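These are my notebook entries on a single protein chain. I looked up its surface, its strands, its disulfides and the confidence of the prediction, in that order.

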Amino acid sequence: MRRRSRERYSDSDMDDNHEADPLDKKKEDKQESYNEEKSEKHRRTIGRFRIMVFAAGIIILLLLIIVIVVGVMKKFEKIPPCSSGQTVDLSEPNNPTMFHDLTSKEVEGLMEFLYRQKDLNLTRPAKAKVKSSYIFTAELHLPEKADAISYLDSGSGQKPPREARVIIFRGDLLITKIMEIVVTPLPNPTHFTIWKDDIPFQYRPITGPDYGGAIERITQVTDQKARQLLQESFGGSLLNCGETCLTYKYVSLMSSAVSGRDRRLYWFWMSQFVEFYILHPIDFAVLVDMDDPNYSIEKVWYNEHTFDSLDSLVKQYNEDKLQKKHLLFPELSETLFSRLYRRGTEFPKTSQRPPISIEPDGRRYSVKGQHVKYMNWEFDFRMSSTRGPQLYDIRFQNNRIVYELALQEISVFYSGYKPTQMFANYFDSTALIGPQDKGLVPGVDCPSHATYMPASHVLESSEKVITYKNSFCVFEINTGMPLRTHHSFSPFHGAFYEGLPNTILVLRSILTVVNYSYLLDFIFYHTGAMEVKIVSTGYILSTPFTANAANFGVQVSDDINGNLHHHMFSYKVDIDIEGPQNRYRTLDISTTASPNRFNPDPNAKIVQGQFQVSEKRTESEAAYKFNFDTPKYHLFYSNLKSNKFNVPRSYRLLSRGMSKQLLPEGEGNEPAMAWMRYQMAVTKRKENERICSSIYSGLDAKSPVVNFDDFLKDDENIVDEDLVAWVSMGVQHIPHTEDLPVTHTPGMDLSFFLLPYNYFPEDPAMGSRDSVRIEPKIYNNPSSGVKVTGFDKEDLQCKPPVNNYQQAVEADPGILFESSDGQSTSI
């Protein structure tokens with residue numbers, strides 16, 4: 001082979017004039033073609049190999065990534081979820097604690113017992129009428145405090161029996177009345193006692209049979225007599241209305257103190273039935289006699305005028321003897337201002353999610369039934385059907401600070417030119433405050449990591465417990481504000497930094513009473529301090545625009561006024577400092593002038609502040625009305641316990657929600673809310689003075705069933721007695737355009753605090769592991785390096801929870817919405 005090759009090369013070197021052999025030339029061409037073909041096959045083989053190597057590399061890389069991801073995921077899956085930590089047990093207990101709401105087993109036994117009592121003559125809910133005897137509501141009745149404390153503090157002994165307080169409307173009697181009875185013992189009652197049985201029947205609040213019957217009757221009568229007037233004036237009708245429906249929904253109660261008559265009189269407002277109807281009022285209302293079985297219409301309001309009857313109005317309307325109203329039924333685009341959905345210029349510019357709160361090592365509180373433990377705190381909570389959220393036996397470091405902390409009443413008094421708001425003085429307990437605890441939405445109403453708890457009620461519509469989901473939430477959160485912080489001022493003062501983030505525990509409920517929503521918080525601090533906060537939001541109550549209402553409200557849209565109103569709230573604070581025998585004193589701050597010995601002028605004075613201790617000895621002395629000229633501290637203490645400086649161990653009550661009720665005492669409905677005359681009143685606790693308001697307040701102002709003024713009339717001694725502080729707060733609200741579509745929360749918050757005052761030898765939060773300290777390794781020598789305490793767990797120790805509320809509410813709308821029969825889905 002080599003020889004042939006040499007010969008070929010030799011031939012190629014021949015002289016150019018020498019003529020090649022044709023046969024050799026043919027062989028040579030064939031050889032070259034073979035070589036080229038072989039070379040091409042070789043290149044193709046190498047290309048395929050390279051592709052295979054590259055593909056194999058990619059596959060190996062992908063497999064490596066998958067292995068890494070799987071490894072990371074497996075490692076991540078080993079991290080427990082952030083909902084771990086302390087335990088939460090929300091199951092209904094077989095042996096409920098003293099303060100736990102009625103259980104389903106107890107309600108079942110209660111109902112079986114009550115319907116066996118022939119002298120009560122009870123009618124089942126499905127057949128209940130105004131003229132029948134039926135159960136309006138039932139809830140837990142607490143034992144006497146002395147018995148409760150004896151059991152709680154002894155750690156043994158006989159637990160007081162579980163009891164229920166039941167309100168029964170006796171419309172079946174010749175002389176109708178309202179009864180309140182106490183049924184005992186639960187879950188298998190054997191007898192009941194009368195709590196009250198002399199409450200006038202006309203004082204009963206708005207009820208299903210009443211309200212439903214009145215709405216049905218006045219709707220039929222109004223549509224029959226004034227259908228044409230309504231269509232021409234307001235673009236719709238009450239019945240057979242298609243997409244242009246008008247409706248009676250809202251009511252204003254006229255008590256006998258206002259009307260001068262011993263009748264239950266309600267003004268029923270009419271609105272265009274769109275979302276949200278309260279922002280679409282029309283200038284039409286009727287005054288209904290609720291004591292008349294036929295719900296007769298006594299007065300009619302139309303286009304800023306009053307008429308004695310529907311017949312009179314329609315006759316004058318048809319004869320063109322009055323000024324007619326012309327208001328078109330709104331198109332969808334015209335109702336946008338009242339609807340709650342995203343609109344306007346969107347922000348932020350990109351879809352960035354807002355910050356969220358997490359519990360990196362799991363929850364640091366526990367819940368068992370309705371008992372909460374957190375750090376040094378523990379307490380019981382419940383939702384009263386009549387009065388709303390309540391807390392009991394609140395302890396810090398196992399010392400009771402408060403026996404009972406309970407919402408008493410929410411009132412809103414409106415002002416207006418039209419009767420619908422002129423008489424709109426609302427006491428929300430008349431609609432039952434507790435069942436207004438709407439389902440809380442994770443990630444909005446409370447953090448996603450919060451624990452959500454239900455509340456149960458016994459209402460006139462059902463013989464069984466009605467349970468509302470997500471009525472309470474409890475969560476721990478960093479407020480973003482340090483609880484304390486200090487950086488040394490200069491090297492002369494030493495080199496150090498010490499701070500403590502302010503993490504708090506919040507127990508929250510949100511009550512939606514028709515148009516307004518109220519956020520109610522109970523807040524617990526590491527310092528032993530407590531805060532009670534309430535915030536208003538929701539829709540304003542509007543009236544059709546009229547120039548005559550200039551002094552009562554503000555025009556906030558083309559056709560509506562937002563009217564002046566006063567939100568008012570009452571709380572009961574049964575304080576127990578070192579036991580139930582307490583005293584109340586104030587530290588009164590004033591000024592004093594004394595000779596200035598360091599001034600050459602012999603007449604020179606130095607004026608400075610001072611304070612003096614003022615011990616309150618009677619209830620009249622302890623009825624407090626705020627005065628800027630007389631600032632003071634309010635202190636509660638036991639005379640038996642002092643600190644080492646012989647200063648009483650006290651708790652200070654500080655209110656940041658004070659508001660003055662401007663109505664004259666005794667005028668109109670004011671007597672029904674006599675608690676609002678004072679920013680705080682301190683009374684001797686009595687078992688027959690458990691609450692300062694009642695569900696009858698909307699109509700009983702002439703002779704209140706619970707008259708807070710009577711609490712003070714006997715002017716009892718309050719020295720070394722079991723004391724109750726009745727705290728009132730409020731805010732005046734003049735609406736503005738930014739209240740549309742709903743009022744925002746900033747600036748609408750009110751609160752009061754219970755603050756330790758010489759109660760501890762130092763700040764008890766000094767023991768918190770959350771604190772951070774940074775200091776030089778060598779005292780006051782930063783160049784020596786620094787030692788840091790408190791930043792040892794920056795990495796997450798658990799997986800943040802996934803907010804799956806959307807899927808949950810899609811699967812069970814009862815979490816958020818009531819069913820068509822007015823009941824929540826029961827758990």
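**Entry 1: The chain as a whole**

I began with the surface: the accessible area of the protein chain is about 42500 Å², and carbon and sulfur atoms account for 53% of it. I note at once that this is a predicted model. I then looked up the burial and found that 49% of the 827 residues in the protein chain are buried. For the secondary structure I recorded ten helices and 35 strands. I also looked at the contacts with a separation of 6 or more, and 66% of them are between residues 24 or more positions apart.

**Entry 2: Strand S25**

How many of the residues of strand S25 are buried? I found that eleven of the eleven residues, 565-575, are buried, so the strand is largely enclosed by the rest of the structure.

I next considered the two faces. In a regular strand, side chains alternate between the two faces of the sheet. On one side of S25 I listed His-565, His-567, Phe-569, Tyr-571, Val-573 and Ile-575, and on the other His-566, Met-568, Ser-570, Lys-572 and Asp-574; all are buried, and both faces are covered.

I then looked up the partners of the strand. Strands of a sheet pair through backbone hydrogen bonds, in a parallel or an antiparallel sense. S25 pairs with strand S15 (residues 399-414) in the antiparallel sense over eleven bridges. Within this pairing, Ala-406 has Lys-572 of S25 as its bridge partner. S25 is also joined to strand S32 (residues 723-733) by ten bridges, and these two strands run antiparallel. Here I noted that Met-568 stands opposite Gly-730 in S32.

**Entry 3: An open sheet and its helices**

I moved to an open sheet of five strands, whose order is S6-S7-S8-S9-S10 with antiparallel pairing. The edges are strand S6 (246-254) and strand S10 (305-307); each has a single partner strand, so one side of each is left without a neighbour in the sheet. On average, neighbouring strands of this sheet are turned by 25 degrees against each other, direction ignored.

I recorded Phe-307 in S10 as the bridge partner of Val-300.

Which strands does helix H5 touch? Helix H5 (residues 208-234) packs on the sheet and touches S6, strand S7 (265-272), strand S8 (281-289) and S9, and its direction makes about 120 degrees with that of S6. Helix H7 (residues 310-318) also packs on the sheet, where it touches S8, S9 and S10; its direction makes about 35 degrees with that of S9.

**Entry 4: Met-270**

Met-270 is found in strand S7. Its relative accessibility is 1%, and it counts as buried. I looked up its contacts beyond four places in sequence; among them are Thr-222, Leu-230, Leu-246, Tyr-248, Ile-282 and Phe-284. Met-270 and Phe-284 are 14 residues apart along the chain, and their C-alpha atoms are separated by 5.7 Å.

**Entry 5: The disulfides**

I searched for disulfides, and the whole structure has two.

One is formed by Cys-241 and Cys-245, with their sulfur atoms 1.9 Å apart. The torsion about this S-S bond is about 80 degrees, so the disulfide is right-handed. Cys-241 is buried at a relative accessible area of 13%, and Cys-245 is buried at 17%.

The other joins Cys-446 to Cys-473, with an S to S distance of 2.1 Å. I found its torsion to be about -80 degrees, so this disulfide is left-handed. Cys-446 lies in the loop between strand S16 (425-427) and strand S17 (451-459), whereas Cys-473 lies in strand S18 (residues 466-487), so the pair ties together parts that are 27 residues apart in sequence. Cys-446 is buried with a relative accessible area of 3%, and Cys-473 is buried with 0%.

**Entry 6: Confidence**

Finally, I looked up the confidence of the prediction. The protein chain has a mean pLDDT of 88, and 87% of its residues reach 70 or more. Over residues 1-20 the pLDDT stays under 50, and the model has one contact beyond four places in sequence for this stretch. The pLDDT is also below 50 over residues 821-827, a stretch with 21 contacts in the model beyond near neighbours in sequence.

How values were computed
Residues are numbered from 1 along each chain as its sequence is written. Side-chain values use heavy atoms; hydrogens and water are left out. Helices (H or I, at least four residues) and strands (E, at least two) are DSSP runs, numbered from the N terminus. Buried means under 20% relative accessible area, exposed over 50%, partly exposed in between (1.4 Å probe, protein chains only). Contact means heavy atoms within 4.5 Å. Accessible areas come from the Shrake-Rupley method with a 1.4 Å probe; for residues, only the protein chains shown count as cover. Two strands pair if DSSP finds at least two bridges between them. Axes are lines fitted to C-alpha atoms, for helices over the stretch in contact, and angles run from 0 to 180 degrees between N-to-C directions. A disulfide is a pair of cysteine sulfur atoms within 2.5 Å. pLDDT is the predictor's confidence in each residue, from 0 to 100.
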